[in-house]
Amino acid sequence: MGWASPVLGYSYFGGLVNLAEVLASQGWSVICPQVGPVSSNWERACELYAQLARGRSSCANVLPRSMDGTTHDVQVDYGVSLPGTNVFYSDPQPLHRQATCFNLPSTWRWSPSSPVHFIAHSQGGNTCRYLIHLLERGWSSEGSSHFTEPKLGWVKSLTTLATPHNGSSIIPVLDDLGDLEDVLLDKIICAACFMQQKDRTFDFCLDHRGLSPPPPPKDGEEEVDFLTYVAQMSAPDGPLTRWRQSTYNGFYDNSIVGVVGDLNKVVSRPSEEVYYFTLSFAATVEMPEVGLEMGDVLTSACTSALNSPQAPTTTSASTTASTRRFLLAFLTSIFGPTLQDLATFALSRLNSHLALLKSTHRGIPVLPLPIPTPFSTIPRLDLNPIFFPVAYPMCGYVLSPTEKELIAGAGGPISDALWREHDGVVPTVSMCGPFGEENVVISVGEIVGGDNVGMEGGGRGLKGKWVDLGRCGWWDHADCIGSCVNPVTVGEVVDLYGRIGRLLSVLPVDMSGGEK
């Protein structure tokens, strides 16, 4: 789940290497749906269902052929807005972009005899969990025509990668960025929604929430320019403001309060008809404890400075040694004995200068200050740079009283330290599966007999349980989908998805439902 077609040649899964095409060339049937990247799980579930069950798909059955997924011919029914939700749906609702298929016959129809395997990254895992729940329950309070009767057996399995099954601390961290988040995100969303659907390089899929292009000017009227459009959208009663202030958006639905407090209470247990697998990732390390080594570093630095070509040639050996000892004692007394103390000192000075810069230059009002002092957990140096502004403060995140109450009520850990290991976006502790007695999580190593029989034994006892396939401590949130990675990692990612495909291919066939 991501965007259906490559954006400027860049695919959601695979980056510069189109992972869907690679898997299709190996014989796998692949469907790439598009859902709103910052939409609520409800909206995304409706979009996913409509593309798989009601809309036509752009089939790329013969390789090589580039993905299409550009035709907007799928009607999505989001239902009606509920009172008190601050949600407004435009009428009529616009058509949605179709999914893209590889190696899938044109006669294929989603049904119990042709179920799907979901492989979902990040929020996609929670969206699929919610869709499975809606399919089996057969109705929704929002009144969408997509869910009017139970549909059992339409989903064979769900494999999640880096999914915030219990929410992510990135949401309050983004809130702390204040103006930086508001200004940048609002402008980016408006820039995309200002264009017609067919002309968009990237689609936020928010037209149904009123974030659609301005209408063509009537006779005698001037065309709406971009700045006027932004002002209209972000007005106190504008569509963008209403969208942000509601709980029907991706920010709330990825927060700890939104997932543990809402989603996991609605989807309180996994389906007993579905196989569940999870993969976890981490891109943080503990801050190195530097003791005597610090003295060696400072001594080396002083020696290099005093013995450089620019140093006075008349300095005697005794004077050099004396000066070195003085500088070493002076610097150590300031910085303290550890690397964390050194970084704390450096950041305190940087914050002072940045605060002065912000107060004297009105041209940078969105600068987030102060930069937090270093924590005992820090991001890995090879973390994708785009994640650093949020990954760094996530390493020192402190759960709020409300979050602790919700997590404790669900049976999850409330130690702040456990929530500080993350992949740049999602805490690792949140990836293995939802908290709660009704969500049984077993490691892949436990599938060895007894009630939990492995794939070779028909998978008996695995349906309705979360099978933890393990934790990768050297991939971040983008690495696991092959985005912004080096060629070696791309090969490893292709191998990973091939392994997932082989795992899913040996799941037993349900002959009672006519499954093919």
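**Which strand holds Thr278?**

**View 1. Thr278 in its strand.** Thr278 is found in strand S8, residues 275-281. The model is predicted: local features need pLDDT of at least 70, side-chain atom pairs count only at pLDDT 80 or more, and totals for chains, interfaces and linings use all residues. Residues are numbered from 1 along each chain as its sequence is written, and side-chain values use heavy atoms, with hydrogens and water left out. Strands (E, at least two residues) and helices (H or I, at least four) are DSSP runs, numbered from the N terminus. Thr278 has a relative accessible area of 0%, so Thr278 is buried. Buried means under 20% relative accessible area, exposed over 50%, and partly exposed in between (1.4 Å probe, protein chains only). Neighbours within four places in sequence are left aside in the contact list of Thr278. That list holds Thr160, His165, Met431, Cys432, Trp466, Val467, Asp468, Leu469 and Gly470. Contact means heavy atoms within 4.5 Å.

**View 2. The whole chain.** The chain has 15 helices and twelve strands. Of its 516 residues, 50% are buried. Take the contacts between residues at least 6 apart in sequence: 74% of them join residues at least 24 apart.

**View 3. Gln123 in helix H3.** Gln123 lies in H3, residues 123-137. Its relative accessibility is 5%, so Gln123 counts as buried. The side chain of Gln123 reaches the backbone oxygen of Ser39 at 3.2 Å. Beyond neighbours within four places in sequence, Gln123 is in contact with Pro37, Ser39, Ser40, Asn41, Arg44, Pro164, Gly250, Asp253 and Asn254. Gly167 is 44 residues from Gln123 along the chain, and the C-alpha atoms of the two are separated by 9.3 Å.

**View 4. Helix H3 against helix H9.** Two packed helices are described by the angle between their axes and the distance between the axes. H3 and H9 pack at an angle of about 35°, and their axes are 9 Å apart. Axes are lines fitted to C-alpha atoms, for helices over the stretch in contact; angles run from 0 to 180 degrees between N-to-C directions. From H3 come Asn126, Arg129, Tyr130 and His133. They meet Val259, Leu263, Asn264 and Val266 in H9. The residues of this contact divide into four nonpolar, three polar and one charged. Ala, Val, Leu, Ile, Met, Phe, Trp, Tyr, Cys and Pro count as nonpolar, Asp, Glu, Lys and Arg as charged, and the others, Gly among them, as polar.

**View 5. Helix H9 against helix H14.** H9 spans residues 256-266 and H14 spans residues 401-409. They pack at an angle of about 30°, with axes 9 Å apart. H9 and H14 are therefore roughly parallel to each other. Angles under 35 degrees count as roughly parallel, over 145 as roughly antiparallel, 65 to 115 as roughly perpendicular and the rest as oblique. H9 contributes Ile256, Val257, Val260, Gly261 and Lys265 to the contact. H14 contributes Thr402, Glu403, Leu406 and Ile407. The contact residues divide into five nonpolar, two polar and two charged.

**View 6. Asp203 and its polar partners.** Asp203 lies in the loop between helix H5 (179-193) and helix H6 (226-233). With a relative accessible area of 7%, Asp203 is buried. A polar contact of 2.8 Å joins the side chains of Asp203 and Arg200. Such a contact is a pair of N or O atoms within 3.5 Å; within protein, one must be able to donate a hydrogen and the other to accept it, and residues adjacent in sequence count only if both atoms are side-chain atoms. A polar atom of the Asp203 side chain also lies 2.9 Å from the backbone nitrogen of Cys205.

**View 7. Gln197 in the H5-H6 loop.** Gln197 lies in the loop between H5 and H6. Gln197 counts as buried, at 19% relative accessibility. The C-alpha atoms of Gln197 and Arg97 are separated by 8.8 Å, while the two residues are 100 apart along the chain.

**View 8. Two residues with positive phi.** Most residues other than glycine have a negative phi. Asn103 is not a glycine, yet has a positive phi of about 55°. Asn103 lies in the loop between strand S5 (100-102) and strand S6 (116-121). At 23% relative accessibility, Asn103 counts as partly exposed. Ser122 is not a glycine either, and has a positive phi of about 55°. Ser122 sits in the loop between S6 and H3. Its relative accessibility is 14%, so Ser122 counts as buried.
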